[in-house]
Structures are given as structure tokens and as C-alpha cells.
Amino acid sequence: MNRSDLKALATIRLNEAASLLKNGHYSGAYYLAGYVVECALKACIAKQTQRYDFPDRRRAQDSWIHSPTKLVQAAGLQTLLDTENSRDSKFAANWNVVKDWSEESRYRNSDQKNAEEIIRAISDRRHGVLRWLRRHW
């Protein structure tokens with residue numbers, strides 16, 4: 001899996017999550033939407049990986065997680081995220097929706113409101129999390 005694969009997968013997962021939402025599969029839509037952010041963040045990490053360099057052990061370990069907040073740190077984007085949150089209150093609201101996603105959501109039921117909220121937070125064209133991540137991948 002490389003950076004290009006992760007970028008493509010983020011887009012694919014967003015389309016799949018939207019399709020699940022449209023067809024009333026709210027739990028699946030919510031769960032899959034979180035992987036959009038995970039793939040995009042991992043693409044940001046991959047961008048910073050130098051060809052032929054031996055990977056830093058801590059960074060490699062920190063990259064094999066699902067938590068959006070921990071992946072932001074592993075990608076070295078925390079300062080940029082803080083700046084964007086303070087600059088754009090709508091983005092900050094969207095990040096607050098996304099940051100609490102967990103792969104453990106696969107064991108929980110999500111309702112229509114939560115599924116719509118996370119997909120909107122990710123895909124918002126002006127203030128969305130994916131829009132911001134695309135600037136860094």
C-alpha cells in the first residue's frame with residue numbers, strides 16, 4: 001500500500017459510505033466514513049516517508065493505529081490542525097465530529113443523524129476534513 005493507493009482508497013470509501021447512507025445503512029455508513037479520514041491521514045504520513053530511508057520505529061508504530069487524533073500526531077500535522085481549528089470555526093466543528101470516530105464503531109449501531117453528520121464533516125467542500133487533508137497528502 002502506497003500513498004497513491006491510500007489517496008484513492010479515501011475517495012472510494014467516501015463514495016461507499018455515501019451509498020450506504022443513501023440506502024439506509026447508517027451504521028455501515030458511519031463506520032466506513034471513519035476510514036476515509038484514516039486513509040487520508042496515512043497518505044499524509046506516506047508523503048513524509050523518504051524513499052530508501054529506514055523508518056523511524058516510533059513513527060512506524062504510531063502509524064499502525066486507527067485513531068484520527070493519534071494519526072494527526074504521527075503525520076506531524078498537529079500544529080497545522082490547531083491553526084486551522086482556530087482560523088475556521090466550521091472546520092473545527094467538523095473536526096470535532098470526526099476526531100471521536102473509532103474502529104470500535106463497527107460494534108455499535110449508528111443512527112441516520114450520526115452517519116449524515118460524519119459524512120458531512122468529512123466531505124464539506126469549504127470546511128471539510130478531507131478538503132484540509134488533501135492539502136497535506
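Residues are numbered from 1 along each chain as its sequence is written, and side-chain values use heavy atoms, with hydrogens and water left out. Because the model is predicted, local features need pLDDT of at least 70 and side-chain atom pairs count only at pLDDT 80 or more, while totals for chains, interfaces and linings use all residues.

Helices here are DSSP runs (H or I, at least four residues), numbered from the N terminus. Helix α2 (residues 26-47) packs with helix α7 (residues 112-123) at an angle of about 25°, and their axes are 8 Å apart. The axes are lines fitted to C-alpha atoms over the stretch in contact, with angles running from 0 to 180 degrees between N-to-C directions. The two helices are therefore roughly parallel to each other, a term for angles under 35 degrees. Their crossing is left-handed, that is, the near helix is turned anticlockwise from the far one by less than a right angle. From α2, the residues Y26, A29, Y30, A33, G34, V36 and V37 meet Q112, N114, A115, I118, I119 and I122 of α7, where contact means heavy atoms within 4.5 Å. These residues divide into 10 nonpolar, 3 polar and no charged; Ala, Val, Leu, Ile, Met, Phe, Trp, Tyr, Cys and Pro count as nonpolar, Asp, Glu, Lys and Arg as charged, and the others, Gly among them, as polar.

Helix α6 (89-98) comes next. Its residues F91, A92, N94, W95, V97 and V98 are buried, meaning under 20% relative accessible area with a 1.4 Å probe and protein chains only. Their cover includes α2, α4 (68-74), α5 (78-87), α7 and α8.

H127 counts as buried at 16% relative accessibility. Leaving aside residues up to four places away in sequence, H127 touches D88, K90, F91 and N94.

In the loop between α6 and α7 sits R108, which is partly exposed with a relative accessible area of 45%, a class that runs between under 20% for buried and over 50% for exposed. With residues up to four places away in sequence not counted, R108 touches S27 and S102.

How values were computed. Angles under 35 degrees count as roughly parallel, over 145 as roughly antiparallel, 65 to 115 as roughly perpendicular and the rest as oblique.
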